[in-house]
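Keep the 3D view open as you read.

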Amino acid sequence: MIVLGLTGSMAMGKSTITRMLRLIYHVPVWDADQAVRDLLVLDSELIKEIAKRYPRVMVGGKIDRSLLRSRAFEDEECLTTLEHLIHARAYSKMIQFLEKMRRLGVPWCVVDVPLLFEVSWDTVCTHTAVVYAPSFIQQQRFRKRSDLNEAKIEHILRRQWTLTQKRNLATYEIQSGLSKGHTFRQLRDIIEDMKSRRIHYA
């Protein structure tokens, strides 16, 4: 089974790529961000641990994600602790997804992980693709996010590798933001190249 690892910094256009993969190619996509959101709602042990450490982020017995993000943004130690608590669980969910796809005989699938290289999850991928956009388009997308200010954006980007670092490791590159047609043609070429290589995930 071919596993394509999709990555890219915030506001680079990964969501456009994953929509194309699902709607046009009907490819199973595992979304790391969604997996984390699910864990914060469904993983009782994780919820208990967060409630014990950071009771002020709990509202009505549930984790308030906006309060949790604010706490992590203000406290580097908190962010490190949360990463320790969440990453292993999310990685396990990704492996479960891949094992399920293998059992189903799926020829290829995608894992969408913003920090793919930073956390070394690219080791489970056959190929990797980094999505990027011109800086002015990224800034336009940032301005549409009411939940982000310049300080938060800078903090998030500082914890991610640079585009150059990611491009040096990625098998493929996808430039988004120019037109959907341009983005689709790049994706189509990548898919055709992957199929021609006939490399399979062990």
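Start at Trp30. Leaving aside residues up to four places away in sequence, tryptophan 30 touches Ala35, Ala90, Lys93, Met94, Phe97, Val110, Val111, Asp112, Val113 and Trp121. This is a predicted model, and everything below is computed from it.

Trp30 belongs to the largest nonpolar core, which has 37 residues. Trp30 is among the residues with the most contacts inside that core, along with Ile50, Leu82, Met94, Leu98, Val111 and Val113. Several elements build this core: H2, H3, H4, H5 and E5 each supply at least two residues. H5 gives the most, with 10 residues.

Step back to the whole chain. The protein chain has nine helices and seven strands. Of its 202 residues, 44% are buried. Take the contacts with a separation of 6 or more: 76% of them come from residues 24 or more positions apart.

Now the sheet. Five strands form an open sheet in the order E2-E5-E1-E6-E7, with parallel pairing. E2 and strand E7 (172-175) stand at the edges with a single partner strand each, so one side of each has no neighbour in the sheet. On average, neighbouring strands are turned by 20° against each other, direction ignored. Look at one pair in detail. Strand E6 (residues 127-132) and E7 pair in the parallel sense over four bridges. Here valine 130 stands opposite glutamate 173 in E7.

Helices pack on this sheet. H2 touches E2 and E5, and its direction makes about 55° with that of E2. Helix H9 (residues 180-197) touches strand E1 (2-7), E5, E6 and E7. The direction of H9 makes about 165° with that of E7.

Which residues of helix H2 (residues 32-42) are buried? They are Ala32, Ala35, Leu39 and Leu40. These four cover an arc of only 135° around the axis, which puts them on the same side of H2. The face turned away from that buried side carries the exposed residues Val41 and Leu42. What do the buried residues of H2 pack against? Their partners are strand E2 (29-31), helix H3 (44-53), strand E4 (62-63), helix H4 (65-74), helix H5 (76-103) and strand E5 (108-112). The N-terminal end of H2 is capped by aspartate 31. A side-chain oxygen of aspartate 31 lies 2.9 Å from the backbone nitrogen of aspartate 33.

Finally, visit the loops. Serine 9 lies between E1 and helix H1 (14-23). Its relative accessible area is 13%, under the 20% cut-off, so serine 9 counts as buried. The side chains of serine 9 and lysine 166 are joined by a polar contact of 3.4 Å.

Two other loop residues have backbone angles to check. Most residues other than glycine have a negative phi. Histidine 26 has a positive phi, near 55°. Histidine 26 sits in the loop between H1 and E2, and is exposed, with a relative accessible area of 63%. Serine 120 also has a positive phi, about 65°, although it is not a glycine. Serine 120 lies in the loop between E5 and E6. At 42% relative accessibility, serine 120 is partly exposed.

Conventions. Residues are numbered from 1 along each chain as its sequence is written. This is a predicted model: local features need pLDDT of at least 70, side-chain atom pairs count only at pLDDT 80 or more; totals for chains, interfaces and linings use all residues. Side-chain values use heavy atoms; hydrogens and water are left out. Buried means under 20% relative accessible area, exposed over 50%, partly exposed in between (1.4 Å probe, protein chains only). The arc is that of the directions from the helix axis to the C-beta atoms. Contact means heavy atoms within 4.5 Å. A polar contact is a pair of N or O atoms within 3.5 Å; within protein, one must be able to donate a hydrogen and the other to accept it, and residues adjacent in sequence count only if both atoms are side-chain atoms. Two strands pair if DSSP finds at least two bridges between them. Axes are lines fitted to C-alpha atoms, for helices over the stretch in contact, and angles run from 0 to 180 degrees between N-to-C directions. A nonpolar core is a set of buried Ala, Val, Leu, Ile, Met, Phe, Trp, Tyr and Cys residues joined through side-chain atoms within 4.5 Å.
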